[in-house]
Amino acid sequence: MNSILRPALVLFAALSLLTGLAYPLLVTGVARVALPWQAEGSVIEHQGRAVGSALIGQAFADPGHFWSRPSATAPMPYNAANSAGSNLGPSNPALADAVRERVTALRAADPGNTAPVPVDLVTASASGLDPHISRAAADYQLARVARVRGVPEAELRALVERHSESQLFGFLGEPRVNVLQLNLALDALRP
């Protein structure tokens with residue numbers, strides 16, 4: 001029995017050290033050297049303090065800010081410890097009701113806006129944490145934010161353009177805007 005148990009325990013200990021300690025330390029070290037900002041959580045700092053991550057959305061309710069897409073995390077929105085989609089299918093009445101309520105809220109916040117509401121302003125992402133909105137969603141909100149802030153729409157459109165990200169590798173996904181970074185730039189422009 002000892003001839004079987006001893007090699008098994010030695011192999012278990014060696015593999016545990018290799019895969020549980022050495023490999024994670026190596027990957028973390030390489031990441032910190034090659035991609036330090038990403039390895040540290042892509043933390044966005046404003047006036048010397050951390051205000052969020054470029055990878056996790058935040059809720060904005062003030063009409064003078066651009067609003068993020070809805071979050072599906074519970075019990076609080078954008079809870080990174082509870083990343084999950086709503087799991088409501090397109091035929092589910094609860095999803096239709098939630099979308100209808102969100103459209104109504106957007107229309108009430110900007111009654112003069114008769115443009116179609118972009119889908120990402122009324123549906124949550126698969127993770128419930130998406131920090132981006134589409135350019136269409138940012139453009140939809142331009143008039144409201146400009147009116148509340150007293151900023152010319154052209155100036156605000158230029159700000160959105162400066163903070164837009166293109167498609168990944170030039171063909172994956174859609175052009176998008178990180179809402180936290182855009183709102184920080186907006187606050188720096190006109191507090």
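Biologist: Leaving aside its neighbours within four places in sequence, which residues is Asn-183 in contact with?

Modeller: Contact means heavy atoms within 4.5 Å. With sequence neighbours up to four places away set aside, Asn-183 is in contact with Phe-60, His-65 and Phe-66. Before we go on, keep in mind that this is a predicted model, in which local features need pLDDT of at least 70 and side-chain atom pairs count only at pLDDT 80 or more, while totals for chains, interfaces and linings use all residues. Residues are numbered from 1 along each chain as its sequence is written, and side-chain values use heavy atoms, with hydrogens and water left out.

Biologist: Is Asn-183 buried or exposed?

Modeller: Buried means under 20% relative accessible area, exposed over 50%, and partly exposed in between, using a 1.4 Å probe and protein chains only. Asn-183 has 1% relative accessibility, so it counts as buried. You will find Asn-183 in helix H6; helices (H or I, at least four residues) and strands (E, at least two) are DSSP runs, numbered from the N terminus.

Biologist: Which members of the largest nonpolar core touch the most other members?

Modeller: In soluble globular proteins, nonpolar side chains tend to be buried together. A nonpolar core is a set of buried Ala, Val, Leu, Ile, Met, Phe, Trp, Tyr and Cys residues joined through side-chain atoms within 4.5 Å. The largest one here has 22 residues, and Phe-66, Leu-106, Leu-121, Ile-133, Leu-156 and Val-160 touch the most other members. Helices H4 (135–149), H5 (153–162) and H6 (179–189) are the elements that give two or more residues to this core. H4 gives the most, with six residues. Looking at Leu-121, its contacts beyond four places in sequence include Trp-67, Pro-70, Leu-106, Ile-133 and Tyr-140.

Biologist: At roughly what angle do the axes of H4 and H5 cross?

Modeller: Two packed helices are described by the angle between their axes and the distance between the axes. Axes are lines fitted to C-alpha atoms, for helices over the stretch in contact, and angles run from 0 to 180 degrees between N-to-C directions. For H4 and H5, the axes come within 10 Å and cross at roughly 150°. That makes H4 roughly antiparallel to H5; angles under 35 degrees count as roughly parallel, over 145 as roughly antiparallel, 65 to 115 as roughly perpendicular and the rest as oblique. The residues where H4 meets H5 divide into seven nonpolar, no polar and five charged. Here Ala, Val, Leu, Ile, Met, Phe, Trp, Tyr, Cys and Pro count as nonpolar, Asp, Glu, Lys and Arg as charged, and the others, Gly among them, as polar.

Biologist: And at about what angle do H5 and H6 pack?

Modeller: Their axes are 10 Å apart, at an angle of about 140°. H5 is therefore oblique to H6. In this contact, Glu-155, Leu-156, Leu-159 and Val-160 of H5 meet Leu-182, Ala-185, Leu-186 and Leu-189 of H6. By class, that is seven nonpolar, no polar and one charged residues.

Biologist: What is the phi of Ser-42?

Modeller: Most residues other than glycine have a negative phi, and most peptide bonds are trans. Ser-42 is not a glycine, yet its phi is positive, about 55°. Ser-42 sits in the loop between H2 and E1 and is buried, with a relative accessible area of 2%. Tyr-78 has a positive phi too, about 60°. Tyr-78 lies in the loop between strand E2 (49–53) and helix H3 (93–109), and at 11% relative accessibility Tyr-78 counts as buried.
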